[in-house]
Amino acid sequence: MKNDYKKGYIKIGIVLVIAIIYILVSKYFYRIVIVSGNSMSTTVSEDGICLVETGEFSFERWDIVLAKLTYQTAIKRVIGIPGDTVQIRDGAVYINGAQIEQYNFYTEYAGIAADEIVLQEDEYFLLGDNRPISYDSREHGLFDRTDIVGVVRKIIWKGKE
């Protein structure tokens, strides 16, 4: 009977150690994210799986990041970085007056970018790749560096198309 209690405590201890390791890894290194929604399709869609680097990370233009929205987090693409001038006109995205070619999916709705926006230090303009349905900087506004909680390092599965 004593051995049964000992085995039970060992199992509980193992579960606690695994839980602590998972929490530390997901907080300070990497997190697996399952995508909800299609704002980034066709890059990654509903139920897609991404490996997101958290903790100390860097990112640049065109990277896909995990960003805090009002009540949730979402993955979006970094389009504008500090110092950029961003505008959406005639369905196209312009950075510093030049129409971008990479990830320049047509968008009818310009939102706050109908007029030129100059990004200040630590401000980012994020867009979803599926522009007609994406809730992004056009409605949300600019994202502060502190709103960006991770960067997608690997799309493990693209999800439902």
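T85 is buried, at 16% relative accessibility, where buried means under 20% relative accessible area, exposed over 50% and partly exposed in between, with a 1.4 Å probe and protein chains only. The residue sits in strand β5; strands (E, at least two residues) and helices (H or I, at least four) are DSSP runs, numbered from the N terminus. Leaving aside residues up to four places away in sequence, T85 touches Y94, I95, N96, E116, I117 and V118, contact being heavy atoms within 4.5 Å.

The model is predicted: local features need pLDDT of at least 70, side-chain atom pairs count only at pLDDT 80 or more, and totals for chains, interfaces and linings use all residues. Residues are numbered from 1 along each chain as its sequence is written, and side-chain values use heavy atoms, with hydrogens and water left out. As for confidence, pLDDT is the predictor's own value for each residue, from 0 to 100. The chain has a mean pLDDT of 89, with 90% of its residues at 70 or more. Where pLDDT is low, the predicted coordinates should not be read in detail.

**The four-stranded sheet**

Strand β5 belongs to an open sheet of four strands in the order β7-β6-β5-β8, with antiparallel pairing; two strands pair if DSSP finds at least two bridges between them. At the edges stand β7 (98–99) and β8 (117–118), each pairing on one side only. Strand β6 (residues 92–95) is joined to β7 by two bridges in the antiparallel sense, and Y94 has Q99 in β7 as its bridge partner.

The loop between β7 and β8 contains G111. G111 is partly exposed, with a relative accessible area of 24%. Its C-alpha atom is separated by 8.2 Å from that of S137, 26 residues apart along the chain.

**The seven-stranded sheet**

A further open sheet has seven strands in the order β1-β2-β11-β3-β4-β9-β10, again with antiparallel pairing. β1 (30–34) and β10 (143–144) are at its edges with a single partner strand each, so one side of each is left without a neighbour in the sheet.

Strand β3 (residues 64–68) and strand β4 (residues 73–80) run antiparallel and are joined by five bridges; in this pair V65 stands opposite K76. β4 also pairs with β9, in the antiparallel sense, over three bridges, and here R77 has L127 as its bridge partner. Strand β9 (residues 123–127) is mostly covered, with four of its five residues buried. Two bridges join β9 to β10, also in the antiparallel sense, and Y124 stands opposite F143 in β10.

**Salt bridges**

The whole structure holds four salt bridges, each defined as a side-chain nitrogen of Lys or Arg within 4 Å of a carboxyl oxygen of Asp or Glu.

E53 is buried, at a relative accessible area of 16%, whereas R153 is partly exposed, at 38%.

D84 counts as buried, at 5% relative accessibility. In the remaining tabulated pair, both R138 and D136 are buried.

**The largest pocket**

About 260 Å³ of space lies in the largest pocket. On a 1 Å grid over the protein atoms alone, a pocket is an open set of points where a 1.4 Å probe fits, with protein on both sides within 12 Å along at least five of seven lines, and lining residues have an atom within 4 Å of a point. Grid points are joined across faces, edges and corners, and the volume is the space filled by probe spheres set on the points.

The lining comprises 18 residues, of which S36, S39, T73, A74 and I75 lie nearest the centre of the pocket. β1 and β4 each supply at least two lining residues, and the largest share, four residues, comes from β4.
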